[in-house]
Every structure is written in structure tokens, then in C-alpha cells.
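Student: I would like to go through the terms used for this model and check each one against its definition.
Tutor: Then ask about them one at a time.

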Amino acid sequence: MSNVKRRLATILATDCVGFSKHMTENEELTLENLKACRSIIDPLIEEYGGKIFYTAGDSVIADFSSPVECVNAAIKFQKAIADRNDTRNPDSKLIWRVGVHLDDVIIEGDNIYGNGVNIAARLEAQCAPGQILLSRVVQEQVNERISFTIEAAGTKALKNISDSYEVFGIAASGGSVVHSDNSQSVSSKTKDYKPKIAVLPFSNMNNDEDSGFLVDGVVEDLITEFSRVKELEIVSRQSCFDFKGSGLDVKTFCKNFDVDFSVTGNIRSSGKRVRLSIELSEVESGKAIWSNKFDKVLDDIFDVQDEIVRKISHALLGEIEVSSLQRANRKPTENLTSYEYLLKGKVMHHKVKKEALLESIELFDKAIQADPNNGQAYAWKGCAIGQGLGRGFLEGDMNQHWATCVSSVQKAMEINENDFECHRLFGEVNLSQHDFRAAEMHARKCYEMVPNDPRVLSIYGDVMVRVGSVDDGLEALERALELDPIPQGKTNSDSRTSAVLFGYFMARDSNKCLEIIEKLQDMDSRSWLITAKICDDEEIEYKALSWFQDGLSKFKDIDWKNEIDRFHLNNTGAQKALEDFSETNFKN
């Protein structure tokens with residue numbers, strides 16, 4: 001085992017309420033106000049003996065030797081920020097929340113890990129805006145030693161910690177402590193239940209390949225549109241299209257994915273006319289809830305898609321405001337030739353084969369030639385080139401291919417800055433280049449636009465676990481695994497599962513890492529290394545376990561420094577710790 005250093009520490013975690021919303025509304029003003037708040041928070045933490053060891057975006061996590069001084073620092077800066085807000089207009093007010101916990105932690109260089117950090121972060125996430133939330137152990141240490149009243153605030157459900165965790169609150173900036181009870185969060189979960197829907201491939205009544213791309217294109221667009229509806233969960237495109245050749249009946253497929261409602265249909269096309277029949281059914285009863293037939297020209301296909309999504313959403317959700325159904329600038333093109341090339345290109349791209357991918361790039365170029373303002377054609381061209389680079393499908397100057405990929409996505413963004421595909425791709429590009437601030441901005445934007453697309457959930461989760469919002473990131477990665485266990489181009493769920501394992505490593509949950517690594521069919525080097533590292537830190541015996549022994553021979557020739565750099569860690573201390581661990585234990 002490595003020489004792990006431990007000590008008792010009081011951990012303070014704080015962040016800004018609704019930061020991403022503020023950034024969306026006015027990025028420059030929000031950053032200006034964030035700097036102003038940090039100029040209050042950081043000096044007060046230092047004044048009261050604290051040391052900041054992690055910051056990302058609006059998050060700050062600090063370590064104090066004294067719980068009394070820690071709570072006093074939190075009270076002081078919450079009061080100072082409230083005073084600042086009183087002198088500002090509403091657009092410039094930022095409100096913060098704070099979680100504080102006292103526990104044993106692991107010290108590794110400039111980094112601190114362990115339950116103390118995890119619980120403080122989860123308390124902060126559950127804290128009422130403008131207030132401070134304490135664990136019982138902190139309350140017992142500081143009660144009657146500070147000038148503010150500490151009130152019992154009920155219980156909270158802290159993810160992976162406890163369903164009923166006792167908490168105490170301080171209303172440092174005035175008002176009353178917000179009380180809660182775990183029963184409320186249970187009822188809230190019931191209230192927040194989202195129906196899960198699967199849009200299954202439609203039947204091509206023409207029975208010819210030429211119209212097949214149109215049928216699949218319409219279904220794919222519908223899945224994307226439903227993915228925008230925050231009030232629904234949607235099974236991924238890949239999982240739905242895999243159904244076509246699976247030999248399963250609809251009910252078995254829906255049971256496998258825990259689907260509540262299915263959408264089925266058929267399309268017949270003749271020239272520019274399209275006849276579409278569609279049906280929404282309840283899986284359990286097999287009853288049709290809603291059905292309709294459309295006889296339209298292709299020019300109206302986007303309006304038909306809107307009508308289908310709107311009517312099905314209202315059939316499932318009732319007369320509520322479905323906020324995600326505003327189509328501004330979402331129609332890719334008015335040019336039907338360009339649209340047809342776009343659909344054909346996407347069909348080829350989804351085959352994840354070299355010849356098909358090269359053909360898809362040509363088709364996207366034809367879509368652009370037919371309509372230079374077809375932003376989605378540029379975005380998908382960038383995506384196809386990125387896939388070609390990642391899979392070794394492209395030949396020639398790789399730097400030039402990469403430049404074309406980036407310029408294509410930039411052009412798509414110029415045409416429509418609200419295209420979620422562009423933000424998704426830029427999130428991935430910026431993460432690979434370790435520009436975490438830009439990666440977080442783009443990941444948040446695409447997630448706010450399309451919160452149910454597993455590709456969006458994947459990049460959002462990958463970024464969030466690296467910038468300090470580990471719980472949010474883990475939730476997204478687990479949802480991506482649930483909605484799309486076998487992503488496009490893969491033969492099993494390992495890529496999704498290993499991403500979840502990495503999230504639990506960032507959450508410092510060794511039990512979950514050990515549980516998940518056993519589920520991998522073909523263990524990857526990252527999962528192997530980080531599971532070994534967290535076991536070593538927690539002094540868990542692991543070297544005799546089968547997964548570790550398998551990895552010793554499988555990864556014996558790896559250049560771990562280069563491999564760890566591809567983890568894209570937003571923490572030089574954590575990266576150095578992994579490098580030192582691999583150098584000490586697995587040197588070639």
C-alpha cells in the first residue's frame with residue numbers, strides 16, 4: 001500500500017445558485033459578478049484560516065482546521081454577498097449556498113479526498129439559496145460558539161450517503177432557515193416521475209431503398225425533437241434502430257428498456273408527397289392512446305414533426321406548458337435537395353464503417369453545395385470527420401482533417417448558434433484540448449437544449465465530473481447508460497459503463513468502482529488504473545482480485561504518462577498522483 005496521509009478536516013463547499021442560467025442570459029456580466037463575489041469569498045476563507053484546494057466555474061471547496069472558524073467564514077461571506085446584492089440591480093445579484101462537514105480526509109499533495117469532501121458537496125447542493133447547511137457533527141462542534149442561531153432543518157436525501165441525513169441550517173443573510181423532511185424528497189421523486197417513450201423505426205411502405213433514408217430520417221428527427229422535451233425520457237436513436245433487426249416484438253423491447261409508451265408508424269412517399277400514419281400506445285395495456293394520418297408535401301415535413309411531438313406530449317403530459325417545443329431556427333434548410341443529402345449522409349454516418357463514412361462526408365458536402373446555409377450539414381460533416389479521425393478511417397494530413405472538422409463546426413455555429421449538435425461537438429473538442437471553461441459552457445448549453453439525448457448526456461456528464469459538479473455529471477452518465485447502453489458503433493455497453501466508473505472515481509466511491517469494474521466485458525486501461533488507485537488510497541486489498549490480475553498482463557506495455565493525459569483531468573495534483581502511482585507500481 002502507498003503511504004496515505006489522513007487527518008481530520010472541516011470542509012466548506014460553496015457555489016452560485018443558477019449560475020448556468022445567468023451565463024446563458026448574459027455571459028460577460030455574470031463573469032464580472034462572479035469575480036466580484038470571489039473577491040469577497042476568497043479573502044474571508046483565508047482570513048479565517050481556510051485553504052481553497054479546488055475551484056471550477058462557480059464552485060469553491062476549502063479546508064479548515066477549525067469548524068468554528070469555517071462556519072464563521074461562511075457566515076461572514078454570505079452576509080457580505082447579501083449586502084452587495086442589496087446595492088445591485090437584479091441582473092447583477094448572485095446568490096450562494098454553502099455546505100459544511102467535518103470528517104477524516106485523505107491528503108495527497110495539494111488534493112484532499114474522502115467522505116468529508118463528498119458530504120460537504122452534497123450538503124451544499126441541498127442547501128437553500130443564501131443559507132448554510134451543516135452536518136450534525138459540525139453543529140455539535142460550533143453550537144453556542146458562534147453568534148448566529150443554528151436551527152434543525154430536518155433531513156435530506158444525500159446521494160450515495162443516506163436517504164435520511166440530519167441537517168442544520170444558518171440563515172446568515174436574514175430570513176428563516178428552510179426546513180425539510182426526507183418524506184418531502186420522496187414525494188418529490190414521485191411527483192417528478194417522467195414517462196419514458198420509445199420511437200420505433202417506421203415501416204417503409206414503398207419497400208425501396210431510395211425512400212428508406214427519408215423514413216429513417218423522419219424517425220431520427222422525431223427522436224431528437226422528443227429529446228428536447230424535459231418532461232419526457234426518450235430511448236436513444238441507436239437503441240430504437242437496433243430494434244429493427246433484433247427479432248424482438250415491441251412489448252419485449254419496451255420491457256427491456258422499461259418503456260411506458262411506444263410510437264410506431266409507417267410512411268409512403270410518392271414524388272414530393274408523403275403519407276404518414278402514426279400511433280402512440282401504452283405498453284402495459286397495448287392500448288392506442290393517440291393516432292393520426294398525415295398527407296403532406298415534403299416542404300411541410302418539419303411542421304408535421306412539430307405537430308406529432310406536440311400532440312403526443314400533450315397526450316402524455318396533459319395541458320401543461322411544454323417549454324421545449326419552440327422550433328426557432330431548428331429547421332435545417334428550406335432546400336429539399338439539401339435536406340435529402342443531409343438525411344442520406346446521416347444514414348451513411350450511422351453505419352460506422354470506413355466506406356460509408358467517406359461517402360457521408362461527400363453527401364454532407366453536396367448538402368452544403370445545394371444550400372450553403374444548411375448549418376446541420378456543416379455540423380454533421382464535422383462530426384463525421386471527427387469519427388473518421390478517431391477510428392483511423394481517414395488518410396493524408398491529419399492536422400488538415402482536424403482543421404476542417406473544427407472549421408465545419410464553427411461555420412455551423414455561425415449559421416445557428418442554437419444548434420445543440422454544434423455545442424455538443426465543441427464540448428468534446430474543448431474537453432480534448434483541456435479548455436475546461438469552454439467545454440463546460442458548451443456542454444451546459446447543449447444539455448439545456450436537448451436534455452434526453454444520450455450523446456449530450458455523455459459529454460455533459462464527462463465535463464461535469466471534471467469541473468467539480470460530480471453528482472450532476474454522474475446522474476447524466478448513468479442516464480446515458482440507461483437510455484443508450486450500446487452506443488453507435490459499439491458492440492457492448494463498456495464505453496458507457498467505464499464513463500460511469502470514472503464518475504464514481506471522481507466522487508471517491510471505491511465500493512461503486514469495485515462493483516462496476518466487474519461488469520466490464522473488456523476492461524479498459526483507465527478503469528483498471530483508477531480502480532487500483534482508489535483501492536490503494538482506501539487501503540482495500542485488491543491485488544489478488546481477478547480484474548487486477550487480468551490488467552497486470554494486459555496493460556504491462558502502456559506508457560502511463562501519455563495514457564493519463566488522455567483522462568483529461570482538470571486537476572494537475574490528481575494527474576500527478578496517478579502518474580506517481582503508476583510509476584511506482586507499474587513501471588515497464
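**Strand pairing and helix packing**

Tutor: S4 and strand S6 (residues 132–135) pair in the parallel sense over three bridges. This is a predicted model, in which local features need pLDDT of at least 70 and side-chain atom pairs count only at pLDDT 80 or more, while totals for chains, interfaces and linings use all residues. Residues are numbered from 1 along each chain as its sequence is written, and side-chain values use heavy atoms, with hydrogens and water left out.

Student: What makes S4 and S6 a pair?
Tutor: Two strands pair if DSSP finds at least two bridges between them, and S4 and S6 have three bridges. Strands are DSSP runs of E with at least two residues, helices are runs of H or I with at least four, and both are numbered from the N terminus. Val98 stands opposite Ile132 in S6.

Student: Which residue of S4 is the bridge partner of Thr14?
Tutor: Val98 is the bridge partner of Thr14. Strand S1 (residues 5–16) and strand S4 (residues 96–108) run antiparallel and are joined by twelve bridges.

Student: How many bridges join S4 to S5?
Tutor: Three bridges join S4 to strand S5 (residues 111–113), and the two run antiparallel. Ile106 has Tyr113 in S5 as its bridge partner. The hairpin of S4 and S5 has two residues between the strands, and Gly109 takes a positive phi near 65° there.

Student: Why are H18 and H19 called roughly antiparallel?
Tutor: Helix H18 (residues 470–483) and helix H19 (residues 494–506) pack at about 165°, with axes 9 Å apart. Axes are lines fitted to C-alpha atoms, for helices over the stretch in contact, and angles run from 0 to 180 degrees between N-to-C directions. Angles under 35 degrees count as roughly parallel, over 145 as roughly antiparallel, 65 to 115 as roughly perpendicular and the rest as oblique. H18 and H19 are therefore roughly antiparallel.

Student: Which residues of H18 make the contact with H19?
Tutor: On H18 they are Val470, Leu474, Leu477, Glu478, Ala480 and Leu481, and the H19 side includes Arg496, Val500 and Tyr504. Contact means heavy atoms within 4.5 Å. The contact of H18 with H19 has nine nonpolar, two polar and two charged residues. Ala, Val, Leu, Ile, Met, Phe, Trp, Tyr, Cys and Pro count as nonpolar, Asp, Glu, Lys and Arg as charged, and the others, Gly among them, as polar.

Student: Why is H14 called oblique to H15?
Tutor: Helix H14 (residues 398–415) and helix H15 (residues 420–432) pack at about 140°, with their axes 10 Å apart. That angle makes H14 oblique to H15. Trp402, Val409, Gln410, Ala412 and Met413 are the H14 residues in the contact, and they meet H15 residues including Cys422 and Phe426.

Student: What is the angle between H11 and H12?
Tutor: The axes of helix H11 (residues 336–349) and helix H12 (residues 354–370) cross at roughly 165° and come within 8 Å. That makes H11 roughly antiparallel to H12.

Student: Is Glu25 buried or exposed?
Tutor: Buried means under 20% relative accessible area, exposed over 50%, and partly exposed in between (1.4 Å probe, protein chains only). Glu25 has 55%, so Glu25 is exposed. Glu25 lies in helix H1 (residues 19–25).
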